[in-house]
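Thanks for coming. Please have a look at it first.

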Amino acid sequence: FSVLFNLFFGMATHYGHDLLSDFQQEEVKENGEVIYSMEVKKKHCNLANNMHGGCIATIIDILTTLVISTKHSKGHYGVSCDLNVSYLQPAPLGDIIKIVVTPLKIGGNLAFTEATFYNQKGDVLATGRHTKSVSKF
């Protein structure tokens, strides 16, 4: 898993995104669920010094794709079919947040994933679902 993480990190950095360097992988469970933590930094924030919604959506896209690529038999990254996010509470600058990424179903053509953001008290900050086509692209 760490090899794929490093490969994906290299690709993301190549395309000008350094978000992956902000995550710490905390745990990988047998069901494929991966738990990450990160500190909310200024570069993640909107003008109100809370994590920007677009940043949350991008993190969901990146981390769920990473989980799909490690679980899919061909190692495909896939193409997004849909991504939806519910924002429940702000994630203020300086907070340490936990992100739990769960592969719901990885099939031959479609992969369904979920990501949930938590604050240090365990409150849900945001949740998102991501569906990707993983057959041919």
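This is a predicted model: local features need pLDDT of at least 70, side-chain atom pairs count only at pLDDT 80 or more; totals for chains, interfaces and linings use all residues.

Residues are numbered from 1 along each chain as its sequence is written, and side-chain values use heavy atoms, with hydrogens and water left out.

Now the charged pairs. Side chains of opposite charge can pair when their charged atoms come close. A salt bridge here is a side-chain nitrogen of Lys or Arg within 4 Å of a carboxyl oxygen of Asp or Glu. How many does a search of the whole structure find? The search gives 4 salt bridges, and I will go through some of them.

Take Asp-22 to begin with. Its salt bridge with Lys-41 has the closest N and O atoms 3.4 Å apart. That pair links distant parts of the chain, 19 residues apart: Lys-41 is in the loop between strand S2 (34–39) and helix H2 (53–71), and Asp-22 is in the loop between helix H1 (2–14) and strand S1 (24–28). Helices (H or I, at least four residues) and strands (E, at least two) are DSSP runs, numbered from the N terminus.

Asp-22 also meets Lys-43 in a salt bridge, at 3.3 Å from N to O. Lys-43 lies in the loop between S2 and H2, so this pair ties together parts that are 21 residues apart in sequence. Asp-22, Lys-41 and Lys-43 are therefore linked in a network of salt bridges.

Is Asp-22 buried or exposed? Buried means under 20% relative accessible area, exposed over 50%, and partly exposed in between (1.4 Å probe, protein chains only). Asp-22 is buried, at 8%. Lys-41 is partly exposed at 36%, and Lys-43 is partly exposed at 47%.

Next, the strands. Glu-114 and Arg-129 meet in a salt bridge, 3.0 Å from N to O. Glu-114 lies in strand S5 (residues 110–118) and Arg-129 in strand S6 (residues 124–133), so parts 15 residues apart in sequence are tied together. Arg-129 counts as partly exposed, at 43% relative accessibility.

Last, Ile-68, which sits in helix H2. Ile-68 counts as buried, with 0% relative accessibility. The C-alpha atoms of Ile-68 and Lys-132 are separated by 8.7 Å, with the two residues 64 apart along the chain.
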